[in-house]
Amino acid sequence: MPKGEAARPKLKSSETSTASSNQPRRLIGVHLSTTGGVAGAVRRAPEVGANTLQIFSSSPRMWRASKVTADQASATRAAREELGVGPLVIHTSYLVNLCSQSSEVCEKSVLAFRGEIERALALGAEYLVVHPGSYRGMTRKQGLELAAKSIQNAIAGLPWQQTPFHILIENTAGAEFSLGGSFEQVAELIEHLRPHAPVAACLDTCHTHVSGYDIVSEAGWAETMAQIEKTVGFETVRVWHCNDAKAERGSKLDRHQHIGEGKIGLDPFRRLLREPKFSHAAFIAETPVDAPGDEERNVLTLRGLAGSLLPH
Ligand SMILES: [Zn+2]
Ligand SMILES: [Zn+2]
């Protein structure tokens, strides 16, 4: 066995064959670079075995962003239609903090988030994923109220009503002062926002694990599913970020790992991908790209676990 392969977990033989499958088609994708434009990323999705994808619509570490041109928007829509790729998920820039105690950062964040929404609407994206933010210097309740108000201000007056567009609140790794480290906190923010904006949830397997939920043992899995049901609710989860974790459960360390090669392992992903309650959801890997082909490798692992290796 070549070096380096020993540690790689194995799929069952039925999960690596394209022979037959009774599983419904799952929406499975990966975060892709937009170096070749958004339409280029959409075109790349099927090349890595994906039928959905996530992108950044601007540099995730810069405040400045350019508008989406009409040509870019139509090329993106055309590529999606031709290849049957969707939903299109956009992840908000990491600089945005919608509950910063600094009014300067908060105002900049609201403006930047408004730009994110404008670009998402221009591109026809279904989902815009955002982390609720860090409320350092305030109470959690103040942070929650500020995040809700910021999102409400950011979307005010924008034409989302006739579109499938939703803002997805992502659960976080649970670091100190970070809002959204529990399903309750995600649900609370969604409830605050529902009358004012189209909102739903994105749950991340790595964040769920390192924030302390047990998704690895079978009993823990059942308990965690029960927690999701009575907080955000299954229907509200539109996207699952599928990432294995380098760190232990409860460590609050957000370090993503290739599917099946971290502390979560293959079994929880198999359960997740085969859970009928999430058949409406998109499953998107945000796994590391350490070597060429890593995006495809993780997508194919997820598809194997879902039992949907057949070409879609
Ligand atoms: Zn995220
Ligand atoms: Zn994530």
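**Close-up views of a predicted model**

**The cis proline.** Pro-87 sits in the loop that runs between helix 3 (70-83) and strand 3 (88-91). Here helices (H or I, at least four residues) and strands (E, at least two) are DSSP runs, numbered from the N terminus. The peptide bond joining Gly-86 to Pro-87 is cis, with omega about 0 degrees. Keep in mind that this is a predicted model: local features need pLDDT of at least 70, side-chain atom pairs count only at pLDDT 80 or more, and totals for chains, interfaces and linings use all residues. Residues are numbered from 1 along each chain as its sequence is written, while chains are lettered from A and ligands numbered from 1 in the order in which they are written.

**Phe-177 and its positive phi.** Phe-177 isn't a glycine, yet its phi is positive, at about 70 degrees. Look for Phe-177 in the loop between strand 5 (166-170) and helix 6 (183-193).

Eight strands form a closed barrel, in the order 1-2-3-4-5-6-7-10, with parallel pairing. From one strand to the next, the twist averages 25 degrees. Strand 7 (residues 237-242) pairs with strand 10 (residues 282-285) in the parallel sense over four bridges; strands count as paired if DSSP finds at least two bridges between them. Opposite Trp-240 you'll find Phe-283 of strand 10.

**Helix 9 against helix 10.** Helix 9 (residues 266-273) packs on helix 10 (residues 294-306) at about 60 degrees, their axes 8 Å apart. Axes are lines fitted to C-alpha atoms, for helices over the stretch in contact, and angles run from 0 to 180 degrees between N-to-C directions. Leu-266, Phe-269, Arg-270 and Leu-273 of helix 9 make the contact with Leu-302, Leu-305 and Ala-306 of helix 10 (contact: C-beta atoms, placed from the backbone, within 7 Å). Six of these contact residues are nonpolar, none polar and one charged. In that count, Ala, Val, Leu, Ile, Met, Phe, Trp, Tyr, Cys and Pro are nonpolar, Asp, Glu, Lys and Arg charged, and the others, Gly among them, polar.

**The start of the chain.** Over residues 1-6, pLDDT (the predictor's confidence in each residue, from 0 to 100) stays under 50, and the model has one contact beyond four places in sequence for this stretch. For the chain, mean pLDDT is 93, and 93% of residues reach 70 or more.

How values were computed
Contact = placed C-beta atoms within 7 Å.
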